[in-house]
There are 2 protein chains.
Amino acid sequence: MNLFDFLKALVPFTKEELEDILRHFKKETVAKNQILVRQGEVSKSLYFIESGLGRSYYLNQAGKEITQWFFGSGKFMASADSFFQQCPSLYYIEILEDAVIYSITKEKLDELFDTYPNMEKLGRLVTTEMLTKVVNKLNAIQFQTAKERYEYMLAEFPDIAYQVPLGHIASYLGMTQETLSRIRKSNSSK
Amino acid sequence: MNLFDFLKALVPFTKEELEDILRHFKKETVAKNQILVRQGEVSKSLYFIESGLGRSYYLNQAGKEITQWFFGSGKFMASADSFFQQCPSLYYIEILEDAVIYSITKEKLDELFDTYPNMEKLGRLVTTEMLTKVVNKLNAIQFQTAKERYEYMLAEFPDIAYQVPLGHIASYLGMTQETLSRIRKSNSSK
DNA sequence: TTCACTTTTTGATATAGGTCAAAAGAAAGC
DNA sequence: GCTTTCTTTTGACCTATATCAAAAAGTGAA
């Protein structure tokens, strides 16, 4: 889904507003395995994924990659606190599948917020949606068995479950890859 | 912290805006143990807690209360998805300590969003802050031991940890109350 | 101050899922 | 097509935390 249609569907922008907003974004193509933000860096951009797939992850004490979130097409992607508070990022942002993305800097985004009240509304709606999803994941992680968590994942990101390495999904779901491998096996044998 | 000061600190409202905004809220006193929203109801109001303490919780399959969040003074409190999408609430909202709260209905809030661009900004900022906190909790829950989770709680809500029943905290942290009791014991013996 | 009720603690036991190690399978470079 | 490297699966064993049950401590109303 492209940015123009996405914006139009969510908030009643005028055609002129939309065109001006789009001019603030930069469209680019990013190849698989590229890192857009590194842990410790201040994240300069917010991304909208037109096509492709990304994830955020961090390194735990043991140095293992822990996937924090997957970002599919038609979603905004960022190391949220780093971008919004302009503080060092706790996360890496990585492209998992060749992607077409739109990026915007913090200054330009703030300019848009200041110019268009509808843009503030968009920001509020996008953030609220994200909040709801994170709360759902929290409930899944906190009170479900490993198997139920995998089923939640299949429901929430059906497309992603089979196109990324198993280890990424396992850490996203808070389990080891051995456990996820066993769950898949037990599911397939039924 | 009262609502007037809270709003003023976050967004540069004019005096007139602030006064009009405050007129849309209703101030009330709520006694301990009162339930403001029930599971299955559509939540009519968003609350701002001037003083006191609240929590949201739900009943799991076994019928046990699971605390989802604590809301201290100076915070907005709501069954978020029910209030914003006007759908049946998954959660109860309960007052744990006698409270003074300001409430506002969805219609009145939307009126404010439509009237004041600054209000959209406020909504965005409050939601973003909440999102950050939920992400923090998610990381704590997902990758820390029971003991570390309790320490995270002490850091995040130092005031709350000793003023609510242990069972509420245990379920909030995704552990049984027996486990939390043992953790407290082992901490105090050091 | 006693009775009823709620909350917390303690003990014994069970288990989901982690850890470690190695084999098997896939993918990527030459 | 081989070789190297990465990913997934399998097996054996272990541990943190759950569960169940009961005792102890705390709280409040009459």
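Which helices of chain A and chain B each supply at least two residues of the surface near DNA strand D?

Reply: This is a predicted model, in which local features need pLDDT of at least 70 and side-chain atom pairs count only at pLDDT 80 or more, while totals for chains, interfaces and linings use all residues. Residues are numbered from 1 along each chain as its sequence is written, and chains are lettered from A and ligands numbered from 1 in the order in which they are written.

The helices in question are helix 7 (166-172) and helix 8 of chain A, together with helix 6 (146-156) and helix 8 of chain B; each supplies at least two residues of the surface near DNA strand D. Helices (H or I, at least four residues) and strands (E, at least two) are DSSP runs, numbered from the N terminus. A residue is near a molecule or strand if its C-beta atom, placed from the backbone, lies within 6 Å of it. The most comes from helix 8 of chain A, with six residues. There are 16 residues around DNA strand D, and those that come nearest are Leu166(A), Ser181(A), Thr145(B), Ala146(B) and Thr179(B). Sorted by class, this surface has four nonpolar, six polar and six charged residues. Here Ala, Val, Leu, Ile, Met, Phe, Trp, Tyr, Cys and Pro count as nonpolar, Asp, Glu, Lys and Arg as charged, and the others, Gly among them, as polar.

DNA strand C can be described in the same terms. Around DNA strand C there are 16 residues, of which Thr145(A), Ala146(A), Thr179(A), Leu166(B) and Ser181(B) come nearest. At least two residues each of the surface near DNA strand C are supplied by helix 6 (146-156) and helix 8 (177-188) of chain A and by helix 7 (166-172) and helix 8 (177-188) of chain B. Helix 8 of chain B provides the largest share, six residues. The classes are four nonpolar, six polar and six charged residues.

Next, the relation of the two protein chains. Chain A is superposed on chain B by a rotation of 180° with 0.0 Å of shift along its axis, at an RMSD of 0.0 Å. That is the relation of a two-fold axis. Arg124(A) has the C-alpha nearest the axis in chain A, 2.1 Å from it. The superposition is by least squares on the C-alpha atoms of residues with pLDDT of at least 70 in both copies.

The chains also touch: 24 residues of chain A are in contact with 24 residues of chain B. On the side of chain A that touches chain B, helix 3 (80-85) and helix 5 (117-143) of chain A each supply at least two residues. Helix 5 of chain A gives the most to that side, with 17 residues. By class, the side of chain A that touches chain B has twelve nonpolar, seven polar and five charged residues. Two residues are in contact if their C-beta atoms, placed from the backbone, lie within 7 Å. Of the interface residues of chain A, 100% are also interface residues in chain B, so the copies meet through the same surface.

Some strands of chain A complete the account. Eleven of the 15 residues of strand 3 (residues 45-59) of chain A are buried, so this strand is largely enclosed by the rest of the structure. A residue is buried if 20 or more other C-beta atoms lie within 10 Å of its own, exposed if 12 or fewer, and partly exposed in between, with C-beta atoms placed from the backbone. Strand 3 of chain A pairs with strand 6 (residues 92-105) of chain A in the antiparallel sense over eleven bridges, and Ser51(A) stands opposite Val100(A) in strand 6 of chain A. Two strands pair if DSSP finds at least two bridges between them. Strand 3 and strand 5 (residues 75-77) of chain A pair in the antiparallel sense over three bridges, with Lys75(A) the bridge partner of Ile49(A). Strand 3 and strand 4 (residues 65-71) of chain A run antiparallel and are joined by six bridges. In strand 4 of chain A, Phe71(A) stands opposite Gly54(A) and Ile66(A) stands opposite Tyr58(A). Five of the seven residues of strand 4 of chain A are buried.

As for confidence, the mean pLDDT of chain A is 92, and 99% of its residues reach 70 or more; pLDDT is the predictor's confidence in each residue, from 0 to 100.
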